[in-house]
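I opened my notebook to write down, step by step, what I looked up in this structure.

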Amino acid sequence: MVLEQIADKVFDTDVLIIGGGIAGCTSAAKASEQGLKVLLAEKAKTDRSGSAGQGIDHYGIFPREGVTPLDLVKHWQHSLRVVNGEGRWADPNIMFRYYDNAFWTLEELEKLGIPMRWDDGEFYWMPHRGPGMDPRISLKLGLRVHWQNIKPLLAKAMRKKSVHTLERTMIVDLLTNKGRVVGATAVDTRTGEFIVIKAKAVVIATGLFARCYDPETPHFWKYKFRYHWCPATISGDGWAIAYRAGAELASMDITGWGFRIRDDLNISFGNFPINDGVPSRPLDWTGEEVSYGTWQSASGYNKLHQDARTPIYHSLEHLPDDFHKRMEVAFADERMVSFKIAENRGFNPRTHWYELMLNKPHNFVNVAGVYADEDLKATLPGLYAVGDCVAGLHSCGEAAFTGFFTGKSLPAFISSAAEPVVDKAQVESQKQAALAPLNIKDGTEPMELESAIRYICDRYVSQFKSEGKLREGLRRLDSLRRVFLPKLMAKNPHYLMRCLEVRNIMDLTELHIQACLQRRETRGAHIRLDFPQQDRTWDNMLTYQRLESGRPILEMREPPDLKPEYARGGK
Amino acid sequence: MPAKIDYKKCIGCGRCYDLCPIDVFAWDEDKDMPVVAYEEECWHCGICWMECPKRAIDITYPASFW
């Protein structure tokens, strides 16, 4: 049987890019510019997909005058330690390359036609500070940008460079042969067509993972997708397919601890005064100031709660009119809909207080992700990871840099890569597993299963962990897998996409709980009630997980340290 | 109710159906108009509301936002 008989469509390309966010579009544009045949598969529509779909108001990290990339690497490691406790936490070599190439990335974006300058034609630099740091000692500069249309512009630029895009196309799994990646299978989420893509190299650019936890600001009743980041992005598709194909994931025990705002205007916390160098001023309900950081830790918040000082608020009313005008511009640049929410609720951001909630783990915006070396190569030959997918990287600046950088280095790999040979039996089995929910009647809806997974994470993992709870969580997850996964039903190709997402969420949740069990210590925000002390033998050690001949391997080891040539400074 | 289409204003250009990152809209072939098909999946990002050339889409927020 030939491939065309198994699949509705077969494509053959040099590079397959999975995900059309900032990292996906920039790597596609760069690879295509150098003469490679590039196909980009996007689950939504590239013009408004990914974390930047609604726009972006600030971008990047640049060294201030007199500051070296090495200083910034140290600063970055410091910020990771503020949240996670002692340790190296991620590969500093990637960060070094990012900081060292910050201005190259800026130029590349300008070449693609992305506006980098402010209204007056100049760059608008703003001081940037890390959590808990005094703004006066900030080493880095960010760039304020008008990027409401960053995604339509990137999509246009990419198409102009003749990248072939397959939209509304969800990847099912990677195809492998003799230990290397040779392509992927996919479904069209509107027509249900089954697609095979043969590729010499595959770049994973699907963004973050978060959907095993409830949203930052949970909304009850039926809107289960009300996340801060685009829910289509954060199902962890790229992480799960990489893992199932044999690539390694790192630090799945370490969750992110972002903001949780009860009075959510859909705008990111980054737009709050903190990024403009204005000291943030959390207050208790009587208006008395709460010292910065107190409310952010579970113990600090609990203390405030016991002292009857909660709720905690952010008040911006003391700030000058000029600041509020800048905030409004940020709203328009990043999340226009903020105005609509404020209007709906009669909430005046100038005078009303924003209620802050207790920080709980609710995503993996920290150091977890697909393990990649400083060339952005994952552990499986032919597989690359870019942007938020990469363990240790999380922001639009890193997305653009890793995208351009990978796009630039792909021709060298492709020129020596063998023709991809696809195993038809593998395609056949992926097809059967992927399309099965279309034939199930009276089964389980994907959201029913997803909610059950989120409930397990909330109840048995979340912020205060212990062996008994984690094991109970695993046991329950396993029964969900046995009882409900085979019964998943999809009334149409749209719901088939959701079924495929749930399968990915379930696989990653299992890895998350296994990794949490392995880290038998309390360090930073990882709290084990049964191991309340930091264990020094775990200094610098991270969890790495992969499949070897179908068997899960969980390994502890140190991430690489900064190379001596980088430790000397940079450009 | 999240995204809501005002059919008196909608011209059936298909931008909302084309751009929604969650695929909340489907296409009604008989009427040749978009319809909100997966209302419960709307994440209230406002992309349809922003992009609609006729301002035919309104978004209202659920009670738990209050």
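Which residue is the bridge partner of Ala250(A) in β18(A)? I found that Tyr544(A) is that partner.

I noted first that this is a predicted model, in which local features need pLDDT of at least 70 and side-chain atom pairs count only at pLDDT 80 or more, while totals for chains, interfaces and linings use all residues. Residues are numbered from 1 along each chain as its sequence is written, and chains are lettered from A and ligands numbered from 1 in the order in which they are written.

Next I looked up the strands, which like helices are DSSP runs numbered from the N terminus (helices are H or I with at least four residues, strands E with at least two). Strand β10 (residues 249-250) of chain A runs antiparallel to β18(A) and is joined to it by two bridges, and two strands pair if DSSP finds at least two bridges between them. With strand β19 (residues 551-557) of chain A, β18(A) pairs in the antiparallel sense over seven bridges, and there Arg546(A) stands opposite Ile553(A). The two strands β18(A) and β19(A) form a hairpin with two residues between them, and Ser549(A) in the turn has a positive phi of about 45°.

I then checked burial, where a residue is buried if 20 or more other C-beta atoms, placed from the backbone, lie within 10 Å of its own. Five of the seven residues of β18(A) (residues 542-548) are buried, so this strand is largely enclosed by the rest of the structure. Of the 571 residues in chain A, 52% are buried.

Conventions: Buried ≥ 20, exposed ≤ 12 C-beta atoms within 10 Å, placed from the backbone.
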